[in-house]
Structures are given as structure tokens and as C-alpha cells.
Amino acid sequence: MSVVKINVLTVPAEQRETLEKRFAARAHAVESSDGFEWFELLRPVEGTDDYLVYTRWRDEESFQAWMEGPMKAAHQGGNAESGDRPKPAASGSTLWSFEVVQQAAPKSS
């Protein structure tokens with residue numbers, strides 16, 4: 001069964017727009033990765049400053065390959081000549097890992 005990775009990003013209110021724009025700019029970066037199944041960026045509605053970045057993968061190995069390849073390269077951005085990197089929009093990050101043990105989809109009519 002698939003594995004789910006949820007990156008919990010603590011994002012101060014003044015950085016929300018920055019975070020969302022950065023994800024939009026990389027919108028299709030993960031979609032062609034081997035083993036990738038799903039992505040969602042979840043904005044908090046009330047009671048928390050935590051965004052959830054939900055990804056689902058065929059297996060742990062696919063996730064790790066993406067982490068060590070495309071994701072690592074994307075987060076090393078900035079201007080290589082000047083050494084400038086954009087300041088992180090999140091003030092904290094925690095990665096949750098899950099295995100899918102049951103799932104359901106809407107019934108076809």
C-alpha cells in the first residue's frame with residue numbers, strides 16, 4: 001500500500017502569501033517523480049498557523065528518491081553566484097509519516 005507524508009509547516013500570517021506563491025511557482029515539480037501519487041497544500045482556516053503539505057507515494061523508496069533528488073535541488077535555490085537564498089516562509093517544520101491501510105473512493109453511478 002501507499003505511504004503518506006505530511007509536512008507540517010508553521011507559517012506566520014505575514015508569510016502565508018509568500019509560501020503559497022512559492023508552492024504555485026513549483027506547482028508541477030513533483031508530478032513526474034517515479035512513485036508519486038498525490039499532492040495537496042492545505043491552508044489553515046482557524047486556530048492554527050500550520051499548513052499541511054500532503055503527498056502520497058507508491059512506497060517509501062519513491063519518497064526517499066524524490067527527497068534526495070528533485071526536492072533537495074529545489075530547496076537549494078537562490079542565486080548561485082551571489083549565494084543568496086530566499087528566507088524560509090515557515091518558522092518550523094515537522095514531517096509525519098503514515099502507511100495507507102484503508103481507502104475509499106466515491107461510488108460510480
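**Salt bridges, sheet and nonpolar cores in a predicted model**

Because Glu17 and Lys21 lie 4 residues apart in helix α1, about one helical turn separates them; helices (H or I, at least four residues) and strands (E, at least two) are DSSP runs, numbered from the N terminus. Residues are numbered from 1 along each chain as its sequence is written, and side-chain values use heavy atoms, with hydrogens and water left out.

Glu17 and Lys21 form a salt bridge in which the closest N and O atoms are 2.9 Å apart, a salt bridge being a side-chain nitrogen of Lys or Arg within 4 Å of a carboxyl oxygen of Asp or Glu. By this rule the count comes to 6 salt bridges. Glu17 is exposed, with a relative accessible area of 52%, and Lys21 is exposed as well, at 54%, where buried means under 20% relative accessible area, exposed over 50% and partly exposed in between (1.4 Å probe, protein chains only). A further salt bridge is formed by Glu20 and Arg43, with the closest N and O atoms 2.7 Å apart. This pair links distant parts of the chain, since Glu20 belongs to helix α1 and Arg43 to the loop between β2 and β3, 23 residues apart. Glu20 counts as partly exposed at 23% relative accessibility, whereas Arg43 counts as exposed at 53%.

Lys5 lies in strand β1 and Glu60 in helix α2, so the pair ties together parts that are 55 residues apart in sequence. Lys5 is buried, with a relative accessible area of 5%, while Glu60 counts as partly exposed at 30% relative accessibility.

The strands form an open sheet of 4 strands in the order β2-β3-β1-β4, with antiparallel pairing; two strands pair if DSSP finds at least two bridges between them. The edge strands, each pairing on one side only, are β2 (36-42) and β4 (92-99), and the twist averages 15 degrees from one strand to the next. β1 and strand β3 (residues 50-57) pair in the antiparallel sense over 8 bridges, and the bridge partner of Leu9 in β3 is Tyr51. Helix α1 (residues 16-25) packs on the sheet, touching β1, β2 and β3, and its direction makes about 20 degrees with that of β3; axes are lines fitted to C-alpha atoms, for helices over the stretch in contact, and angles run from 0 to 180 degrees between N-to-C directions.

Val3, found in strand β1 (residues 3-10), is buried, with a relative accessible area of 9%. Not counting residues up to four places away in sequence, Val3 touches residues including Trp57, Glu60 and Phe98, contact meaning heavy atoms within 4.5 Å. The largest nonpolar core, 7 residues in all, is made up of Val3, Val30, Phe36, Trp57, Phe63, Trp66 and Met71, such a core being a set of buried Ala, Val, Leu, Ile, Met, Phe, Trp, Tyr and Cys residues joined through side-chain atoms within 4.5 Å. Helix α2 (residues 60-74) gives the most to this core, with 3 residues. A second, separate core of 6 residues includes Val11, Leu19, Tyr51 and Val53.

Definitions and conventions. This is a predicted model: local features need pLDDT of at least 70, side-chain atom pairs count only at pLDDT 80 or more; totals for chains, interfaces and linings use all residues.
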